[in-house]
Amino acid sequence: LDSLHSENHVNANSEVTFERIGKMSKNTKSSAFRRIDVDQYNEDNYKEEVDNEPVTAGPNENEVTSLLSQNKQIDALKHVLSNAPLGNKNQAIKDASLNLVLRVLLSFKTSKIEEAVNQLDNEARDVLMKYIYRGFEVPNEGSSAQLLVWHEKVFALSGVGSIVRVLTDKKKL
Amino acid sequence: MSASIQKVGPAIPIQCHAWSSDRQTIAVSHNDKLVELYKQQPGGSWNQTDILDQHDLRVNDIDWAPNTNRIVTCSADRNAYVWVQGADGKWKHTLVLLRINRAATCVRWSPQENKFAVGSGARIISICYLDEEKDWWVAKHIRKPLRSTITTVDWHPNNILLAAGCTDFKVRVFSTYIKEIEPKPSATEWGAKMPFANLMAEFSNSPTGGGWIHAVAFNEEGTRLAWVGHDSSIAVADAPSGMVMMKLKTNLLPFLSLLWIGPNRLLAAGHDCVPVLFHVDSAGKVSQGPKLEEGGNVVEATAAASAKNMFKNKDRLGQELVDSRLGTTHQNQINSMRILEGNKVEARRVSTTAGDGALVIWNLASGALAGKLAALKI
């Protein structure tokens with residue numbers, strides 16, 4: 001009763017009993033065991049293959065800024081898409097790249113978007129579609145509207161296949 | 001009409017189908033534990049002749065051996081049954097102990113029909129052969145290096161090599177040589193040493209993307225292996241040129257099934273509800289051909305024409321006109337495709353079953369389709 005809850009209380013007459021109860025209560029006192037993720041120890045778990053392929057460190061910000069200031073938006077676009085840090089484990093690099101890409105995408109005049117998309121190859125369009133959806137995730141001042149135009153133009157050329165690849169590709173942006 | 005719909009039972013999604021060797025009877029499973037046999041009647045309709053009812057859970061795949069006339073079925077209940085037709089026409093079953101602790105997903109007879117391969121969610125492929133002495137089917141396991149569910153298997157013409165597609169985004173070729181029942185195989189383009197469960201080749205669908213593998217297919221000679229993945233891609237690996245793999249990312253929805261219909265031609269079908277032609281050139285490069293039929297959404301203008309119905313639909317569905325009927329013959333994803341007439345070198349007719357419960361037979365040899373195929377020749 002009382003002795004179950006206060007471990008320090010030791011009765012000289014029944015020390016052994018109280019010691020045992022003390023041990024019991026010590027075991028059940030901590031509930032840290034409830035926070036162990038037992039599923040990680042399941043031997044049937046799918047183990048992701050260790051991918052040792054080299055990953056890019058993302059587009060060069062200075063290069064992109066200089067291209068944008070020279071009004072070479074399409075070149076800036078091609079640069080950021082070909083240097084996309086796909087599958088990079090460093091989240092900061094991925095966030096920085098995303099911001100850079102959004103800067104480039106939003107710098108286009110709406111009427112010039114279609115021309116830019118036409119100049120990209122299929123690989124680049126797949127990467128662009130991935131960035132468009134990433135951009136949708138972090139909307140700010142009018143960005144989604146512009147991204148929707150980008151989406152429409154890329155969809156016209158790359159179809160639902162590119163959207164399926166946004167969902168299934170292993171290397172995330 | 002190049003595509004003809006056949007009614008084989010209720011409009012419930014068909015999981016899988018297989019033809020008898022004379023193509024008069026078809027075995028289908030309507031997403032449940034039963035396998036139904038339908039025989040074509042003179043008028044063109046289909047009568048149900050048998051129900052094979054032994055499985056406890058959904059039947060995932062059926063294969064019908066043309067020469068020995070044996071049916072093998074595998075199910076989510078972790079079992080496979082081999083069915084043999086007796087002299088009285090009734091089908092007798094034999095349980096095959098696969099020794100797996102997850103669902104069996106796919107099954108195929110080997111070309112010589114003395115073995116069959118069962119893929120499962122237990123990350124094991126069970127190769128089963130008949131032990132003559134004890135008259136029962138023995139299963140041997142291929143485990144390494146499979147890391148996830150096997151979704152599809154296909155045999156090489158030499159009866160030894162087996163291709164398997166997996167949800168770990170890889171396609172692998174294994175040797176299934178069982179010394180008790182067959183002579184030692186001679187070397188092929190896939191390698192020379194073929195002990196049981198040896199990994200002859202492995203192809204990854206993931207460096208450029210990902211996606212579960214939905215179907216694999218060897219070509220007629222076994223020199224090329226084609227597969228389709230969930231990242232809307234189709235790829236072909238060419239063994240003689242050094243295991244070179246060429247992948248095409250399409251802008252269609254993912255495919256679920258695949259067939260070689262010619263030495264350089266593939267037919268793939270899946271979530272777009274219509275088979276699509278692909279051409280493979282001598283270098284192994286894949287290029288997309290036409291769909292077997294054009295479809296767009298069909299607006300059902302009959303009942304919705306009146307103003308009252310238009311507003312009723314707008315209130316109920318949020319849009320004025322009901323346009324959910326597809327323009328293609330199939331109304332739901334095609335998940336199984338078989339060569340009905342012909343072979344991998346020249347397929348004349350192909351059958352597809354889909355989630356709309358329909359069986360459609362495509363005539364590739366005549367009419368509009370033949371024109372499209374001819375146009376595909378380079």
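Begin by selecting chain A and chain B together: the area buried between them is about 1,600 Å², of which carbon and sulfur atoms give 47%, buried area being the accessible area (1.4 Å probe) that two parts lose on being put together, summed over both. This is a predicted model, in which local features need pLDDT of at least 70 and side-chain atom pairs count only at pLDDT 80 or more, while totals for chains, interfaces and linings use all residues. Residues are numbered from 1 along each chain as its sequence is written, chains are lettered from A and ligands numbered from 1 in the order in which they are written, and side-chain values use heavy atoms, with hydrogens and water left out.

Staying at this interface, select the 22 residues of chain B that are in contact with 20 residues of chain A, where contact means heavy atoms within 4.5 Å. On the chain B side, B:R147, B:K249 and B:N251 lose the most area to chain A, together 31% of what that side buries.

Next, show the side chains of A:E123 and B:K249, which meet in a salt bridge at 3.6 Å, N to O (a side-chain nitrogen of Lys or Arg within 4 Å of a carboxyl oxygen of Asp or Glu). The count between the two chains is 1 salt bridge, and the side of chain B that touches chain A has 5 nonpolar, 10 polar and 7 charged residues (Ala, Val, Leu, Ile, Met, Phe, Trp, Tyr, Cys and Pro count as nonpolar, Asp, Glu, Lys and Arg as charged, and the others, Gly among them, as polar).

Now move into chain A and select helix α5 (residues 91-107) with helix α7 (residues 122-137), whose axes come within 10 Å and cross at roughly 95°. Helices here are DSSP runs (H or I, at least four residues), numbered from the N terminus, and axes are lines fitted to C-alpha atoms over the stretch in contact, with angles running from 0 to 180 degrees between N-to-C directions. Among the residues making the contact are A:L98 and A:V101 of α5(A) and A:L128 and A:Y131 of α7(A).

Finally, select A:K153 and A:E114, whose side chains meet in a salt bridge at 3.6 Å, N to O. The pair links distant parts of the chain, with A:K153 in helix α8 (residues 143-168) and A:E114 in helix α6 (residues 113-118), 39 residues apart.

Key
Helix = DSSP H or I, 4+ residues; strand = E, 2+ residues; numbered from the N terminus.
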